[in-house]
Amino acid sequence: MKNYLIKYSVIFFVFRSFCFFAQAPYSLNRLPYGYKDLEPYIDEQTMIIHHTKHHQGYIQNLNKAIQGTEAEKLPLEEILKNISKYPSVVRNNAGGHYNHDLFWTILTPDKNKVPSKRFMDAVKQHFGSIDSMKSLMSREGMSRFGSGWVWLSVDEKKKLFISSTPNQDNPLMDVADKRGTPILGIDVWEHAYYLKYQNKRGDYLSAIWNVINWEEVSRRYEMLVPKGKFDDWPEIKEFHKVMSQTFHPAEEGNLEPIKTRSKELWEKAEALNKKPIPAEFNKKEIKAAVKKLATDSKKLHEMIQKKVPDDKIKKSLSDLHDVFHTIVGLCSDNHEH
Ligand code: MN3
């Protein structure tokens, strides 16, 4: 009889513990690669301790801190967005969990995880090149005093920016100097590099670029920044830039921009005409309108060379603008199918 009692209380206890763990909102995910796989850039022992001790610790403390509170039912991002309303134990551990979850996914031993074209275009537009982006991030990481993170994020205007935060803060938090959604985060706490690099944070920051999962960073970027209609057709964006910088002043009576840039406008139209039209827009009417844009731009340039009266230039530019908008309209029709 006594034996049974012991047996049942053990079963009950195991069951209860299981329920407790099942209820805890956060748990440690497995890494998508082995602890050894990031060597020689990040060593196995650092990875084991970092994942199973540090990250696990943030999770346990977070679960404990929010147990029985409203926060238990909220998504982690919601907690972070209003972090100033929480005690610092939540700030440190909610940040610690979110940041490390992101960190593990943007690392990989796989060299084939390359950036997407759309992400690369954005990097070039914001930082000039991927190398200058990396050195800006490394510099930001070097100047972070004590423990913290360096981030590449997307702000609410869909622009990329680099920042760093202290401790386990991140750009999602309402306490961050510059707010946005991080797509790449580098842990610059000593626990992330000390065993291999000791005090040489700079060496760790140059080595880590060998194991960045650019495919995942690109995926996160593309999720936040919806594709523009003409992302696959840079020539039309180029033409539009010159067109709007010359047409709008002309409408207000200033013909100087078109007079000085008519050759450039014609060249952009020629480039548009010569490059293949992206498959999604490639239809007869669009092809014909692009061709007309090239011929008419040339005519406009010749008129300006011949110094014809202003009203004729204005009329010709306005017609050209109409042709351009015909193309834009045809591309939109295309999209609806
Ligand atoms: Mn860490």
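1. A residue is called buried when its relative accessible area is under 20%, exposed when over 50%, and partly exposed in between. The model discussed here is a predicted one. With that cut-off, the buried residues of helix α2 are Thr 46, Met 47, His 50, His 51, His 55, Gly 57, Tyr 58, Ile 59, Leu 62, Asn 63 and Ile 66. They pack against α3 (76–81), α4 (88–105), β3 (181–187) and α7 (194–197).

2. The length of α2 can be checked. The helix runs over residues 44–66, which is 23 residues, and at 1.5 Å a residue it should span 33 Å. Its end C-alpha atoms lie 32 Å apart, so the two values agree. The helix also has a kink of about 30°, centred on His 50. After α2 comes Gly 68, which has a positive phi, near 75°.

3. Which residues coordinate the manganese ion? The donors are His 50 (NE2), His 100 (NE2), Asp 187 (OD) and His 191 (NE2), at 1.9 to 2.2 Å. Along the sequence these donor residues follow the spacing H-x49-H-x86-D-x3-H. Asp 187 has a relative accessibility of 0% and therefore counts as buried. His 191 is buried as well, with a relative accessible area of 16%.

4. The largest nonpolar core has 43 residues, and Leu 107 and Leu 152 have the most contacts inside it. At least two residues of this core come from each of α4, α5 (117–127), α6 (130–143), β1 (148–154), β2 (160–166), β3, α8 (201–207) and α9 (214–224). Leaving aside residues up to four places away in sequence, Leu 107 touches Tyr 33, Leu 38, Ile 42, Ile 208, Val 211, Ile 212 and Asn 213. Another core, of 31 residues, lies apart from the largest one; Trp 233, Ala 269, Ile 286 and Leu 300 are among its members.

5. The structure holds 20 salt bridges. One of them joins Glu 235 and Lys 275, whose closest N and O atoms are 3.4 Å apart. This pair links distant parts of the chain: Glu 235 is in helix α10 (residues 234–251), while Lys 275 is in the loop between α11 (256–274) and α12 (284–305), 40 residues apart. Are the two partners buried or partly exposed? Glu 235 is buried, because its relative accessible area is 14%, whereas Lys 275, at 45%, is partly exposed.

6. Lys 259 and Asp 310 also meet in a salt bridge, at 2.9 Å from N to O. Lys 259 belongs to helix α11 and Asp 310 to helix α13 (residues 310–336), so the pair ties together parts 51 residues apart in sequence. Lys 259 is partly exposed at 32% relative accessibility, and Asp 310 is partly exposed with a relative accessible area of 40%.

7. Lys 292 is partly exposed, with a relative accessible area of 43%, but Asp 296 is buried, at 16%. Elsewhere, salt bridges with shared partners join Glu 216, Arg 219 and Arg 220 into one network.

Definitions and conventions. Residues are numbered from 1 along each chain as its sequence is written. This is a predicted model: local features need pLDDT of at least 70, side-chain atom pairs count only at pLDDT 80 or more; totals for chains, interfaces and linings use all residues. Side-chain values use heavy atoms; hydrogens and water are left out. A salt bridge is a side-chain nitrogen of Lys or Arg within 4 Å of a carboxyl oxygen of Asp or Glu. Helices (H or I, at least four residues) and strands (E, at least two) are DSSP runs, numbered from the N terminus. Buried means under 20% relative accessible area, exposed over 50%, partly exposed in between (1.4 Å probe, protein chains only). The expected span of a helix is 1.5 Å times one less than its number of residues. The bend at a residue is the angle between axes fitted to the seven residues ending there and the seven starting there. Contact means heavy atoms within 4.5 Å. A nonpolar core is a set of buried Ala, Val, Leu, Ile, Met, Phe, Trp, Tyr and Cys residues joined through side-chain atoms within 4.5 Å. Donors are N, O and S atoms within 2.8 Å of the metal (3.2 Å for Na, K and Ca); water is not among the atoms, so sites may look incomplete.
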